[in-house]
Amino acid sequence: MLRTAGLAREVLDRARRRRVNWPQPREEDSESLSAAFASVVEFMNQTTKECEKYYSSVPACRCRENEIKHVCRYHNRQAAENLLKALEKEKNKTSPVSSPAATPQQHGREASKDIYIEVAPGTYSVTATSEDMVKQTHVVDITAGQSIDLTFSL
């Protein structure tokens, strides 16, 4: 019994020596994290613009099916319509029978919706996409107890 108690004390002493005192997060750390998040959002927006530029310069006939789906899904409606019209023109040049141009499906607009979301303080990127793939993004910096109203015009 005495030996077991001695071994238990040794284990506890070793654990105390190994204890790690983790530093408390500093306010400037959260500010730099918010700045980093904001720069990532900015980079993503720039990447989207570059992608749109690329697909507007590539001949539609060279686009594969997955690239066409990408443009229709992730880029604005105008870019998708331009690509589909260019594809239709290419198809009309090679085939004697023409068919109507495929365009993204139109849906009736629904009434506006209010959504309430509770989040921890920080910087957030909020993106809304309509059914016809029109996107709008707001970047917001929320402080404790703050309430922000965002309006998306899609």
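Predicted model: local features only at pLDDT ≥ 70, side-chain atom pairs only at ≥ 80, totals over all residues.
Starting at the N terminus, the elements of this protein run α-α-α-α-β-β, which comes to four helices and two strands. Of the 154 residues of the protein, 14% count as buried.

Let me turn to the charged pairs, bearing in mind that side chains of opposite charge can pair when their charged atoms come close. In helix α1, which covers residues 2-18, D13 and R16 lie three residues apart, about one turn of the helix, and the closest N and O atoms of their salt bridge are 3.2 Å apart. D13 has a relative accessibility of 37% and so counts as partly exposed, whereas R16, at 56%, counts as exposed.

In helix α2 we find K53 and E50, which are separated by about one helical turn because they stand three residues apart, and their side chains meet in a salt bridge with an N to O distance of 3.4 Å. K53 is exposed, since its relative accessibility is 51%, while E50, with a relative accessible area of 37%, is partly exposed.

Now to the surface, where V40, F43 and M44 form a nonpolar patch with about 330 Å² of accessible area together. M44 is found in helix α2, and because its relative accessibility is 51%, M44 counts as exposed.

Finally, I would like to look at the second largest pocket, whose volume is about 450 Å³. Its lining consists of 17 residues, and N45, T48, Y74, K135 and T137 lie nearest the centre of the pocket. The elements that give two or more residues to this lining are α2 (27-57), α3 (65-74), β1 (122-129) and β2 (135-142), with the largest share, seven residues, coming from α2. Sorted by class, the lining has nine polar, five nonpolar and three charged residues.

Notes. Residues numbered from 1 in each chain as written. Heavy atoms only, no water. 1 Å grid on protein atoms, 1.4 Å probe; cavity = no way out; pocket = protein on both sides within 12 Å on 5 of 7 lines; lining within 4 Å. Points joined across faces, edges and corners; volume = space filled by probe spheres on them. Nonpolar A, V, L, I, M, F, W, Y, C, P; charged D, E, K, R; others polar. Patch = residues over 30% accessible without salt bridge, like charges linked within 9 Å, V, L, I, M, F, W, Y side chains within 5 Å. Areas by Shrake-Rupley, 256 points an atom, 1.4 Å probe, with all protein chains shown as cover. Salt bridge = Lys/Arg side-chain N within 4 Å of Asp/Glu carboxyl O. Buried < 20%, exposed > 50% of the residue type's maximum accessible area, 1.4 Å probe, protein only.
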